Amino acid sequence: MPQLTLQLKRLGKKKVKQIPLTLDATPNNLQELLVGCVKNQVEAFNKKRLEVNVVGFLSPAEIQDQAQSGKVDFGDLANKDLAVEQEAIDNVLLAFKDGLFVVFVDGDEVTSLDTPLQLTKDSVVAFIRMTFLVGTYW
């Protein structure tokens, strides 16, 4: 199981979020990498919605950790709908084709879904969202 580091960035923002990711299989091309990332995230998303939150308070350490991200909450979710894996895969492939995000692997842009990848345990995959005008006034 390959272990990668994902970097998530939005245009116009300085903050880069780093996420460790473990995939079930080593992807041979960009499409397999995107599908693996989506499957991993859909599983985590759905697992979070199925968990029962029985603790109604936060410890001081949890409050401090959440304050670092700028939002402190109890983790309650109003939306319990589960993500549909195939819909999420279709959406990410369409978003890539439409240019809503770009992908860099070890500093090199990957422009085609069938581009072969040579990933190692030290590989860094960067996703940059290109929709910086969404939600702003002009």
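Helices and strands here are DSSP runs, numbered from the N terminus; a helix has at least four residues and a strand at least two. On that basis the chain reads β-β-α-α-α-β-β-β from the N terminus on. The model is a predicted one.

**Overall make-up**

The protein chain holds three helices and five strands. Of its 138 residues, 26% are buried. Among contacts with a separation of 6 or more, 55% link residues 24 or more positions apart.

**The sheet**

The five strands form an open sheet in the order β2-β1-β5-β3-β4. Its pairing is mixed. β2 and β4 (108-110) are the edge strands, and each pairs on one side only. Direction ignored, neighbouring strands are turned by 30 degrees against each other on average. Strands of a sheet pair through backbone hydrogen bonds, either parallel or antiparallel.

| Strand pair | Sense | Bridges |
|---|---|---|
| β1 (residues 3-10) and β2 (residues 17-22) | antiparallel | six |
| β3 (residues 101-105) and β5 (residues 124-129) | antiparallel | five |

Leucine 8 has lysine 17 in β2 as its bridge partner. Phenylalanine 104 stands opposite alanine 126 in β5. The hairpin of β1 and β2 has six residues between the strands. There, glycine 12 takes a positive phi near 85 degrees.

**Helix α1 against helix α3**

Helix α1 covers residues 30-50, and helix α3 covers residues 85-97. Their axes come within 9 Å. The axes cross at roughly 135 degrees. The crossing of α1 past α3 is right-handed.

Which residues of α1 and α3 meet? From α1 come Leu30, Gln31, Leu34, Val35, Val38, Lys39 and Val42. From α3 come Glu85, Ala88, Ile89, Val92, Leu93 and Phe96. By class, the residues of this contact divide into 10 nonpolar, one polar and two charged.

**Helix α2**

How many of the 10 residues of α2 are buried? The count is zero. Helix α2 (residues 60-69) is thus hardly covered. Buried here means under 20% relative accessible area. Just after α2, glycine 70 takes a positive phi of about 100 degrees.

Note on methods:
Residues numbered from 1 in each chain as written. Predicted model: local features only at pLDDT ≥ 70, side-chain atom pairs only at ≥ 80, totals over all residues. Heavy atoms only, no water. Axes fitted to C-alpha atoms, helices over the stretch in contact; angles between N-to-C directions. Left-handed = near helix turned anticlockwise from the far one by under 90°. Contact = heavy atoms within 4.5 Å. Nonpolar A, V, L, I, M, F, W, Y, C, P; charged D, E, K, R; others polar. Pairing = 2+ DSSP bridges. Buried < 20%, exposed > 50% of the residue type's maximum accessible area, 1.4 Å probe, protein only.
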